[in-house]
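Please go through them with the coordinates open.

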Amino acid sequence: MPTPTRLDDGRMARRAVAEFSPGNVVVLGSGLPGLIPGEIPPGAGVRFLSEAGALGYESRDPLAASAHTGSPGEAEGAADSNGRPVVIPSGGMVVSVIDAAAMVSGGHVDIAVLQTAQVSQMGDFTHWTTAATPGIFAPGAGVDLASGAGRVIAMMPHTNPDGSPVILPRCSMPVDGVACLSLIITDAAV
């Protein structure tokens, strides 16, 4: 039997975009969710909030960023949750990290998209780690996102690099969000 084709990261991001509606405020965690703004069609009416405090931002091609001169009404110097430069058009704003966290924990975010390390069949999740912190899963904003967003979407590879599953009956690592996932998007299934 042939091995099924896996979705690339861009197709996973486009699948996540299908969950958004005009007027949604969507907070994107770091990692794979940072690809989503580059996949959303113009005029979709979705406002993104980064953990760094950019609200209403649009993606910017990092290669074109150095040549970008800005247009009237655009804020410069803002970053997404991955630290990449973004454009904030008229109507957007930059707020403090504390204010961004307050928006999330205060229930002012419709959807949160996180890259998780593990999810359970009950909708629990363990937040992801970085190459600099292997084996240490710092929850960071993941805990706030899990409790404050209307819907929480996990976006992640379907398996670990060694082929072990990431969707489990029960998370084997400390849980950052309990029974809060609405949807799981992987490179193999939704």
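1. In which sense, parallel or antiparallel, do β10 and strand β12 (residues 181-186) pair, and over how many bridges? In this predicted model, β10 and β12 pair in the parallel sense, and 5 bridges join the two strands. Within that pairing, Val152 has Leu181 of β12 as its bridge partner.

2. Strand β10, which spans residues 151-156, also pairs with strand β7 (residues 111-114), the two running parallel with 4 bridges between them. Here Leu114 is the residue that stands opposite Ala154 of β10. The strand β10 is mostly covered, with 5 of its 6 residues buried.

3. Val26 belongs to strand β1 (residues 25-28), and it counts as buried because its relative accessibility is 0%, where the cut-off for buried is under 20%. Leaving aside residues up to four places away in sequence, Val26 touches Phe20, Val46, Arg47, Phe48, Leu49, Ile111 and Val113. Val26 and Arg151 are separated by 125 residues in sequence, yet their C-alpha atoms are 9.5 Å apart in space.

4. For the protein as a whole, the model has 4 helices and 12 strands, and buried residues make up 42% of its 190 residues. Of the contacts between residues at least 6 apart in sequence, 66% join residues at least 24 apart. The accessible surface comes to about 9,600 Å², and 58% of that surface belongs to carbon and sulfur atoms.

Definitions and conventions
Residues are numbered from 1 along each chain as its sequence is written. This is a predicted model: local features need pLDDT of at least 70, side-chain atom pairs count only at pLDDT 80 or more; totals for chains, interfaces and linings use all residues. Side-chain values use heavy atoms; hydrogens and water are left out. Buried means under 20% relative accessible area, exposed over 50%, partly exposed in between (1.4 Å probe, protein chains only). Two strands pair if DSSP finds at least two bridges between them. Contact means heavy atoms within 4.5 Å. Accessible areas come from the Shrake-Rupley method with a 1.4 Å probe; for residues, only the protein chains shown count as cover.
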